[in-house]
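User: Hi! I am new to protein structures, and I would like to go through this one step by step. Could you help me with some questions?

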Amino acid sequence: MTRTSFQQEYHRELRAAAAHLGRRRFLTATGAAAALAFATNLPGSAQAAEADARKAVTADPFTLGVASGDPLPGSVVLWTRLAPSPYEPGNGLPNARIAVDWEVAHDSRFTRVVRRGTATAHPEFNHTLHIEVAGLDADRVYYYRFRAGTWTSPAGRTRTAPARGARTTDVRLAAVSCQAYHDGYFTAYRHLAGEDLDVVLHLGDYLYEYAVDAAGGARAYTDRTLPAIFNRETVTLEDYRLRYALYKSDPDLRAAHAAHPFVVTWDDHETENNYADDVPEGGGSPADFLIRRAAAYRAYWENQPLRRPQQPQAADMQLYRRLHFGQLAQFDILDTRQYRSDQAYGDGAHVPGPASEDPSRTMTGATQERWLIDGWRASDALWNVVPQQVTFSRRRLDLNPVAKVSMDAWDGYPASRDRVLAGAQAAGVENLVVLTGDVHVSYALDIKRDFDDPKAPVVGTEFVTTSVSSGRDGADKPANWQTYTQANPHMKWYNGRRGYTVITLGRDAARADYRTVSAVTAPGAPLTTAASFVTEAGDPGLKPA
């Protein structure tokens with residue numbers, strides 16, 4: 001059977017299964033799941049042959065750098081992808097398994113190695129590696145590297161989490177999001193690489209599905225020409241794999257990954273703009289879209305420092321998970337794309353109405369919502385932090401008596417937000433912090449149960465981080481700045497420049513420092529701390545620092 005005829009048959013079987021079984025769960029059917037597993041080529045009993053790394057790897061395979069993530073008290077995930085020719089399908093490697101050595105040390109010169117091993121880079125996983133290193137000390141810096149054939153990777157620096165019962169005095173993290181390659185340089189990451197941090201939280205839109213032209217869009221390259229393979233929207237597994245290669249070839253992003261462990265979650269653009277569960281942006285067949293979603297999820301897992309429980313099963317992938325940093329902080333990382341109800345009234349701005357206020361609508365899905373609230377009930381952390389994607393607090397977009405709000409954000413799912421806040425209150429959560437990306441600007445917001453009552457108590461804090469590059473250079477005060485700040489008195493800060501946010505969780509307060517760069521359409525812009533805010537433990541409410 002030819003490649004084309006196989007793909008046609010595979011798509012036919014998958015669509016038939018979807019039509020018979022209905023929404024999303026069709027992928028649990030034996031025939032469809034087997035077809036999808038075969039089409040995406042999982043390692044199994046008929047594995048590819050093993051190649052001699054010295055012969056198979058004839059050029060530097062570490063062009064996409066190294067990364068670490070999801071730190072636990074005694075463990076961390078190490079990642080790399082072998083890619084001598086990263087802009088080619090297959091990375092310029094044979095269709096064979098390749099042995100890769102790895103080691104972890106106390107020092108950057110690797111004179112005190114504490115763990116080492118050998119792992120297999122499978123062609124079925126595009127020669128990516130996810131090493132779950134165990135047996136490490138809690139709350140300690142480590143250095144790591146890989147070796148394939150005669151080539152040694154750059155060294156990465158990582159850090160384990162504090163022990164679960166440790167009375168940690170502070171946790172220092174950075175929140176980042178939205179890094180459209182075609183909108184500008186990743187200058188913010190170069191600065192972030194030099195920060196003193198425990199962890200970086202990526203809140204989504206790690207890549208964009210949109211075409212990138214030969215000049216790199218707003219980067220306007222004159223010293224290189226990008227291949228035509230990037231000048232199209234990502235749809236297939238090969239498309240997504242190659243797009244990750246483009247993004248991870250950026251030296252500033254590689255520097256940030258090598259400097260800090262990342263905890264990642266996605267938003268929409270890793271798959272398609274504004275999708276909701278199995279509903280694509282422009283409508284169409286859920287079965288066809290889920291084929292694309294399976295490809296996007298597979299490529300996401302392959303190219304991020306994620307653990308085995310996050311490995312996708314066809315078009316499903318459990319990305320929501322929980323991390324602890326001593327007794328100081330619990331992080332409940334959410335997925336607000338995969339399980340949400342379709343947006344009401346379209347994906348844009350609209351006044352609230354019966355469709356958006358339907359109590360059955362959900363942003364997280366019922367299972368994830370229960371998991372979140374049950375986790376709060378069991379939490380003994382001082383700060384309960386929720387890294388997620390879209391704006392959680394009310395955000396009126398005009399000054400009309402009944403203002404339009406975003407149907408893609410939590411404003412389009414108010415019953416879901418009410419249930420989450422009621423769950424936090426019932427669980428006795430006193431110090432709720434929501435971390436948000438998506439909107440390409442930064443906000444500092446007081447969270448309330450009733451945003452219509454100026455005297456309603458503040459029940460939490462939302463720090464919205466701006467984009468790394470999406471939206472190009474931006475402005476300190478966007479055109480709607482006056483409207484938004486007047487319409488939303490709980491909005492204590494609004495800025496439209498690119499950058500990231502550094503958040504320090506302490507025993508007495510949480511502090512956010514909003515870092516911005518003046519431009520991303522040219523490289524090398526300096527970094528500024530545009531504003532700083534604090535919220536005190538036990539007394540929520542933002543104040544300038």
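This is a predicted model: local features need pLDDT of at least 70, side-chain atom pairs count only at pLDDT 80 or more; totals for chains, interfaces and linings use all residues.

User: Which strand order does the open sheet of seven strands have?
Analyst: Residues are numbered from 1 along each chain as its sequence is written, and side-chain values use heavy atoms, with hydrogens and water left out. Strands (E, at least two residues) and helices (H or I, at least four) are DSSP runs numbered from the N terminus, and two strands pair if DSSP finds at least two bridges between them. The pairing in this open sheet is mixed, and the order of its seven strands is 13-14-16-18-20-19-21.

User: Which are the edge strands of that sheet?
Analyst: Strands of a sheet pair through backbone hydrogen bonds, either parallel or antiparallel. An edge strand here pairs on one side only.

User: What angle does the direction of helix 8 make with that of strand 14?
Analyst: Helix 8 (residues 366-378) packs on the sheet and touches strand 13, strand 14 (329-333), strand 16 (383-387) and strand 18 (432-436). Axes are lines fitted to C-alpha atoms, for helices over the stretch in contact, and angles run from 0 to 180 degrees between N-to-C directions. For helix 8 and strand 14 the angle is about 175°.

User: Is T535 buried or exposed?
Analyst: Buried means under 20% relative accessible area, exposed over 50%, and partly exposed in between (1.4 Å probe, protein chains only). T535 has its place in strand 24 (residues 527-536). Its relative accessible area is 1%, so T535 is buried.

User: How far does the backbone nitrogen of G541 lie from a polar atom of the T535 side chain?
Analyst: Contact means heavy atoms within 4.5 Å, and not counting residues up to four places away in sequence, T535 touches W383, T461, A509, A510, P540, G541 and L542. For G541, the separation between its backbone nitrogen and a polar atom of the T535 side chain is 3.3 Å.

User: Why is helix 6 largely enclosed by the rest of the structure?
Analyst: The cover over its buried residues includes strand 2 (66-72), strand 7 (141-148), helix 4 and helix 5. Among the buried residues are D252, L253 and H257. Helix 6 is largely enclosed because the number of its nine residues that are buried is seven.

User: What percentage of the 545 residues in the protein chain do buried residues make up?
Analyst: The chain has ten helices and 25 strands, and its C-alpha trace spans about 70 × 60 × 50 Å along the principal axes. Of its 545 residues, the buried share is 59%.

Note on methods
A polar contact is a pair of N or O atoms within 3.5 Å; within protein, one must be able to donate a hydrogen and the other to accept it, and residues adjacent in sequence count only if both atoms are side-chain atoms.
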